[in-house]
Amino acid sequence: MTTSETTPKAGGLGRVVTAALIGATIEWYDFFLYGVVAGIVLNKLYFPADDPLVSTLLAYATFAVGFVARPLGGVVFGHFGDRIGRKSMLVITLMLMGVATFLIGLVPTYAQIGVAAPILLLLLRIVQGIGLGGEWGGAVLMAFEYAPPDKRGLYASIPQIGLALGLCLASGVVAGLSWGLSDEQFLTWGWRLAFLLSAVLVAVGAYIRLNVMETPEFSRVKEANREAAIPFVSMLRDFPGNVIAGMGARTIDGVFFNVFAVFSIGYLTGTVKMPRTQALLGVTAAALLLCVTIPIAGWLSDRLGRTRVYAWGSLLTGFSAFPAFWVFLNSDGNTAAVWLALIVPFGILYASVYGPEAALFSELFPARVRYTGISFVYQFSGIFASGLTPIVATALLQYSGADRPWLVCAYCALAGLVSAASAIWIGRRARAATGLSARPLPASPASPLRRTFHDPGPA
């Protein structure tokens, strides 16, 4: 393989980043669409119970199952992504997710087929989780490994915008259907249209991804025959500290996102008595703002240091839940106040962790185990940080009372403290391992990195 074959051509980076962003947007749309309707549709149609709390918890339980399945997808697709290549795995994961989402839109209700309905829903949710488990790492790496070393925070953050766009599409489509249809129409068939739309989006995404090349950094690994025999084993054996630190840093991302993007919809409609459409539009507005603030935060991490931005961002994000929920409770029907309390923490502060996160995790591992490493860190920690959060938040609210959501806020603050401490530890260990006090130069892809800490930048 020649050098020209492993070096990005002019315009190649733009095509790769665009392909990663569009694919990630579709995947996140599919995944979060389930979360958006879990507490307002699925609990009524697939988990009927005399107690609304029980039906909501059951719906959120199937939402959590998707997160449990994600580590499996991360390990399986990470293995082949580190052995075969990033590009082919991205096409497969996109198709897997799209088919599962489309089929969810066709599943009959509990009233129609009984217990088979929630079982089918559960199985398709597992397939969704496996697909997204392999998707995130590949999309991030396509951008990260193509980018110039001093701009990796910025470029790796661009696929992260897919989360915001996917959430925006999911909540926006459901809000539009909710606004344009009667409650009976929406519950009977309207919500299904949002899932069936996935077929069109996947076709577009697959076409775009088939027209990009493999990343230069992984191509160099293949050229040198340096692929790990079993990437998952190599990751655990050579980088156990990096894995633990990455999972700790991930905590605030999963907890805060699911409190504000998933749990808050049910809270605002059920406790604050805000109309469903207005609550969905507030989340959509915050997601739109994230499209701007995520790359800004990624850029700042290139300038100020990855772990410094991440640590401070974790603290600010976690503790912002207190004033946000105070406004929710004391809004007195003021929609603008509620939207502001959603947009500032979720649309601005949350970006300070989600923007630098992709590069922070990618720099924890060398290219030969990077797909497996970042996928496992992100997806395995997501079981606890993301998947269980709506259930935990619902239980905490039930314990303390709907008008006293302070245990939910404390949960967010604790997550912020854990992530900030993990980020600080990452920065200190990186400097101790490298002796660098300024933003480091990237390690050569061909250099041996076993049992060394791949430096993510200064705290």
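Ser422 touches Ala245, Gly248 and Ala249, if residues up to four places away in sequence are not counted. This contact belongs to a predicted model, and Ser422 itself sits in helix α21, which covers residues 406–434. With a relative accessible area of 12%, Ser422 counts as buried, because buried means under 20%.

- When neighbours within four places in sequence are left aside, Ala38 is in contact with Asn43, Ala59 and Tyr60.
- Between Ala38 and Tyr350 there are 312 residues of separation in sequence, while the distance in space, from C-alpha to C-alpha, is 23 Å.
- Ala297 is found in helix α14, and with a relative accessible area of 6% Ala297 is buried as well.
- Not counting residues up to four places away in sequence, Ala297 touches Val309, Ala351, Ser352, Gly355 and Pro356.
- Ala297 and Gly313 are 16 residues apart in sequence, and their C-alpha atoms lie 9.4 Å apart in space.

**Salt bridges**

- Side chains of opposite charge can pair when their charged atoms come close.
- How many salt bridges does the model contain? The count comes to 8 salt bridges when a side-chain nitrogen of Lys or Arg has to lie within 4 Å of a carboxyl oxygen of Asp or Glu.
- One of these joins the side chains of Arg86 and Asp82, with a distance of 2.9 Å from N to O.
- Arg86 is buried, with a relative accessible area of 0%, and Asp82 is buried too, again with a relative accessible area of 0%.
- Asp82 and Arg86 also belong to a network of salt bridges, in which they are linked with Glu145 and Arg370.
- Another salt bridge brings together the side chains of Asp238 and Arg237, at 3.0 Å from N to O.
- Arg250 and Asp253 are separated by about one helical turn, because they stand 3 residues apart in helix α13, which spans residues 240–270.
- Arg250 counts as buried at 2% relative accessibility, and Asp253 is likewise buried, with a relative accessible area of 2%.

**Two crossing helices**

- The axes of helix α18 (residues 351–362) and helix α19 (residues 367–387) come within 9 Å of each other and cross at roughly 135°.
- An angle of this kind makes α18 oblique to α19.
- On the α18 side the contact is made by Tyr354, Glu357, Phe361 and Ser362, and on the α19 side by Arg370, Ile374, Val377 and Tyr378.
- Arg370, one of the contact residues of α19, is also a member of the salt-bridge network with Asp82, Arg86 and Glu145.

**A nonpolar patch on the surface**

- Tyr110, Ile113, Val115, Ile119, Leu120 and Leu123 form a nonpolar patch on the surface, and together they have about 520 Å² of accessible area.
- Which helices supply at least two residues of this patch? They are α5, which covers residues 110–113, and α6, which covers residues 116–144.
- Helix α6 gives the most to the patch, with 3 residues.
- Leu123, a member of the patch, lies in helix α6, and at 47% relative accessibility Leu123 counts as partly exposed.

- Most residues other than glycine have a negative phi.
- Lys273 has a phi near 65°, which is a positive value in a residue other than glycine.
- With a relative accessible area of 63%, Lys273 is exposed, because exposed means over 50%.

Definitions and conventions: Residues numbered from 1 in each chain as written. Predicted model: local features only at pLDDT ≥ 70, side-chain atom pairs only at ≥ 80, totals over all residues. Heavy atoms only, no water. Patch = residues over 30% accessible without salt bridge, like charges linked within 9 Å, V, L, I, M, F, W, Y side chains within 5 Å. Areas by Shrake-Rupley, 256 points an atom, 1.4 Å probe, with all protein chains shown as cover. Helix = DSSP H or I, 4+ residues; strand = E, 2+ residues; numbered from the N terminus. Buried < 20%, exposed > 50% of the residue type's maximum accessible area, 1.4 Å probe, protein only. Contact = heavy atoms within 4.5 Å. Axes fitted to C-alpha atoms, helices over the stretch in contact; angles between N-to-C directions. Parallel < 35°, antiparallel > 145°, perpendicular 65-115°, else oblique.
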